[in-house]
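Dear colleague,

Please find below the structure that I am handing over to you. My findings follow directly after it.

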Amino acid sequence: MNCIFCDIINKKAVAEILFENESIISFLDIRPVNYGHTLVIPKTHYENFLVLPGKELCELIKVTKDLSGAIVNSLNPEGFNIVTNNGTAAGQSVFHFHFHIIPRFKYDDFRFRPKLKEYNNGSMREFADKIRAAVAI
Ligand code: AMP
Ligand code: ZN
């Protein structure tokens with residue numbers, strides 16, 4: 001399997017590593033939205049959010065929170081986004097699950113301006129019914 005993030009984990013590819021423990025590694029994104037844009041990934045190769053086991057997700061999100069604090073304290077952004085892209089249509093380009101921590105500034109270049117839809121009569125309920133029927137928590 002060809003995975004650049006596994007290569008970074010196995011030190012076959014270089015990265016600017018910020019944090020590493022037994023199960024998690026974090027490094028700077030090579031093409032940052034803003035400087036300090038960070039990735040946090042499990043060392044085990046999971047393709048996306050849906051197949052990441054809950055225990056590992058919990059560890060990963062805790063580390064993501066701590067690293068977000070470190071980024072805020074060291075770089076003083078005005079805000080930050082935690083983002084995870086899942087699937088090509090959603091912008092995922094590396095198929096090894098990762099959280100992005102993106103430092104944000106009020107007048108930076110990162111814009112997410114969707115053209116918002118409206119639900120037609122009754123269709124909001126239909127969508128909710130479909131999802132509710134699939135909820136199995
Ligand atoms: P995504 O598009 O959500 O899958 O995010 C993948 C991210 O990985 C992109 O923002 C890339 O810039 C970043 N990336 C790809 N290769 C490397 C690398 N060798 N070192 C650091 N970041 C990388
Ligand atoms: Zn991988």
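Predicted model: local features only at pLDDT ≥ 70, side-chain atom pairs only at ≥ 80, totals over all residues.

Apart from neighbours within four places in sequence, its contacts are S26, F27, L28 and T38.

Five strands make up an open sheet, ordered β1-β2-β3-β5-β4, with antiparallel pairing. At its edges are β1 (17-20) and β4, each of which pairs on one side only. From one strand to the next, the twist averages 15°. Helix α2 (residues 54-75) packs on this sheet and touches β1, β2, β3, β4 and β5. The direction of helix α2 makes about 20° with that of β5. Within the sheet, strands β2 (residues 24-28) and β3 (residues 38-42) run antiparallel and are joined by 5 bridges. S26 stands opposite V40 in β3; S26 is also one of the contacts of L18.

The metal site may be of particular interest to you. Which residues hold the zinc ion (ligand 2)? Its protein donors are C3 and C6, each through SG, and H45 and H96, each through ND1, at 2.1 to 2.3 Å from the ion. The angles among the 4 donor atoms are 100 to 117°, and the site is tetrahedral. Along the chain, the donors follow the spacing C-x2-C-x38-H-x50-H. C6 belongs to helix α1 (residues 4-9), whereas H96 is in the loop between β4 (79-83) and β5 (99-104), so this pair ties together parts that are 90 residues apart in sequence. Both C6 and H96 are buried.

Finally, I turn to the aromatic residues. The structure contains 4 aromatic pairs. One of them is formed by Y119 and F127 and is tilted, with 5.8 Å from centre to centre and 55° between the planes. F127 counts as partly exposed, because its relative accessibility is 45%. Elsewhere, F49, F97 and F99 are linked into a cluster by ring pairs.

Yours sincerely

Conventions
Residues numbered from 1 in each chain as written. Chains lettered and ligands numbered in written order. Heavy atoms only, no water. Donors = N, O, S within 2.8 Å, 3.2 Å for Na, K, Ca; no water. Tetrahedral: all angles 85-135°; square planar, octahedral: opposite > 155°, others 65-115°. Helix = DSSP H or I, 4+ residues; strand = E, 2+ residues; numbered from the N terminus. Buried < 20%, exposed > 50% of the residue type's maximum accessible area, 1.4 Å probe, protein only. Pairing = 2+ DSSP bridges. Axes fitted to C-alpha atoms, helices over the stretch in contact; angles between N-to-C directions. Contact = heavy atoms within 4.5 Å. Phe/Tyr/Trp six-rings, centres within 6.5 Å; stacked < 30°, edge-to-face > 60°.
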